[in-house]
Amino acid sequence: MKKRWGILLGITGMAMAALLTGCKGTGEAKAPGGAGGETSVETSAAGLSGDKTGDAAAGAAGEGQITFTFAEHVANIEQQAPQVYGVVQEYMKLHPNVTIELTGASADDLTRNIQMAAQSNTLPDLFWIRQPVAVEMAKAGYLADLSEDILNDRELTDTFLPHVLDSLKIDGKLYGIPCELQSNGFWVNKAILDQYGLEMPVTYEDFISCCTVLKENGIIPVAQGGKDVFTAWAWENAHCRYGFYDHIDGIIAGTDKWSNPDYLKFYQKLSDMRDAGVFSENAKNTDYALSVEQFLSGQAAMLNSGVWDTKKFDQSDLAKDIYYWWGPTFEDGVGEQEVSMKAPAHPYVVSARLKEEEPEKYAAVIDFLKFYYGKQGTEIIAKDNQSIPVTRYEGEIDAETYPVFARVITMMNDDWESPAVCPDMYISGQIINQYRESICGVINGIYTPREAVDYLDGIQATIQ
């Protein structure tokens, strides 16, 4: 295990006074791989004329009209990343001379677009990118060094959770800031468990017993979007309970293999779960959106997803019954079993060309980032949109109005250790999708456990 998050929480009456204080190193925390192609939102702010972010912010944005581009990793930003959309709209209200052109595409599409744009020197000004790709781009000189503008602002850096800003530091230089916390897990409809006299599972044995009863009663135990390989999410948590970090450095260095005994046990557990009927018989043809629908309609008792669905579930008719869970512990697991996932997600980065060639526009982007991660932006993210920020939030969370968010915060405050980085962010960008595919492939019955690890060894050999 690497570092650990601690999120302090106080509950007073019907509201939660939440102080988020914690740490870790990133995933796609906003339902990556959103449906559809690419969307664009261009809004020119013409509302409030006063700048509530202070004189420094006003000076950074300048007096003339400034437009910069911001590329996000979901197709419908307003619907799939409302916290981002909300912060952008508020910033433009406070800065009438700044227009932020938001464009959205699925994570895979955006990654391809960014890699092509880098070659043609047409990168967006500000954009989301997967962590391994960001590292490669920073080393190649495509990303701006943000150290002087971000790290030297002590008032700003003090608001971040511990170690969050370390996730994209290279040789002491800061090249990006995590967009949010990456927290994968299972959503549980406790009303369905109660209906069949079941307790919240803790161990793998509890989990399988629970799933057996659910299946016998016509309920899908776990809704799994097997058609979309990015839904490996919660199973990456489980992989951490089978020694993922004990072997991965050696695998990257070429001294170890994916086909090691510990990893084989993990993939065997996925196969055993499939055989036990944990997933629907049609999981391989079920996409992420359908898996969410199965959960919200009561067809499934659990859903493999993450905290990005918190607001959606708080707005549902099931809000009072939805709980969040890190997944089962394993008696034959390797190392620590009480493992959570509270890591920084993939970063927002800035084009190096922008910093070098358009200093006024670059200053506006920096000012926006300071607003986004500052007090006002954090409040929009946490209070208004029930998302988990990477900065400290000191405010009230109404547990009666937002029961799902309140339970998520409670989980963030538990003492389960979290790795510093989500597994799919630790490995090379050249093998991320194949890693996820290996997990979903076993769940879908496409690979045996041995075939899955051998497949990854074959891919790994091509990038060493």
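By the pairing rule used here, the count comes to 34 aromatic pairs. That rule takes rings of Phe, Tyr and Trp (its six-membered ring) with centres within 6.5 Å, and calls planes under 30 degrees apart stacked, over 60 edge-to-face and the rest tilted. One of these pairs is Phe-70 with Tyr-348, which is edge-to-face, with 5.3 Å centre to centre and 80 degrees between the planes. Phe-70 belongs to strand E4 and Tyr-348 to strand E16 (residues 347–350), so this pair ties together parts that are 278 residues apart in sequence. Strands here are DSSP runs of E of at least two residues, and helices are runs of H or I of at least four, numbered from the N terminus.

Before I continue, please note that this is a predicted model, in which local features need pLDDT of at least 70 and side-chain atom pairs count only at pLDDT 80 or more, while totals for chains, interfaces and linings use all residues. Residues are numbered from 1 along each chain as its sequence is written, and side-chain values use heavy atoms, with hydrogens and water left out.

Both partners of the pair are buried, a term that means under 20% relative accessible area, with exposed over 50% and partly exposed in between (1.4 Å probe, protein chains only): Phe-70 has 0% relative accessibility, and Tyr-348 has 3%. Phe-70 and Tyr-348 also belong to one aromatic cluster, whose members include Phe-68, Tyr-91 and Phe-160. Elsewhere, Phe-244 and Tyr-245 have ring centres 4.9 Å apart and planes at 85 degrees, so that pair is edge-to-face; both residues are buried.

I turn now to strand E4. Five of the seven residues of E4 (residues 66–72) are buried, so the strand is largely enclosed by the rest of the structure. Strands count as paired if DSSP finds at least two bridges between them. E4 pairs with strand E5 (residues 98–105) in the parallel sense over seven bridges, and Glu-72 stands opposite Gly-104 in E5. E4 also runs parallel to strand E6 (residues 126–128), to which two bridges join it; there, Leu-126 is the bridge partner of Phe-70.

Next, a further sheet. Four strands form an open sheet in the order E12-E13-E11-E14, with mixed pairing. Its edge strands are E12 (220–223) and E14 (322–325), each pairing on one side only. From one strand to the next, the twist averages 25 degrees. Angles run from 0 to 180 degrees between N-to-C directions, with axes fitted as lines to C-alpha atoms, for helices over the stretch in contact.

Within this sheet, E11 (residues 184–189) and E13 (residues 300–306) pair in the antiparallel sense over five bridges, and Ser-305 in E13 is the bridge partner of Gly-185. Helix H10 (residues 233–240) packs on the sheet, touching E11 and E13, and its direction makes about 115 degrees with that of E11. Helix H18 (residues 403–412) also packs on the sheet, touching E11 and E14, at about 20 degrees to the direction of E14. Contact means heavy atoms within 4.5 Å.

Finally, two individual residues. Is Asn-444 buried or exposed? At 15% relative accessibility, Asn-444 counts as buried. Asn-444 is placed in the loop between helix H20 (432–443) and helix H21 (449–461). Leaving aside neighbours within four places in sequence, Asn-444 is in contact with Gly-226, Arg-274, Ala-283 and Lys-284. By contrast, Lys-139, found in helix H5 (residues 131–139), is exposed, with a relative accessible area of 65%.
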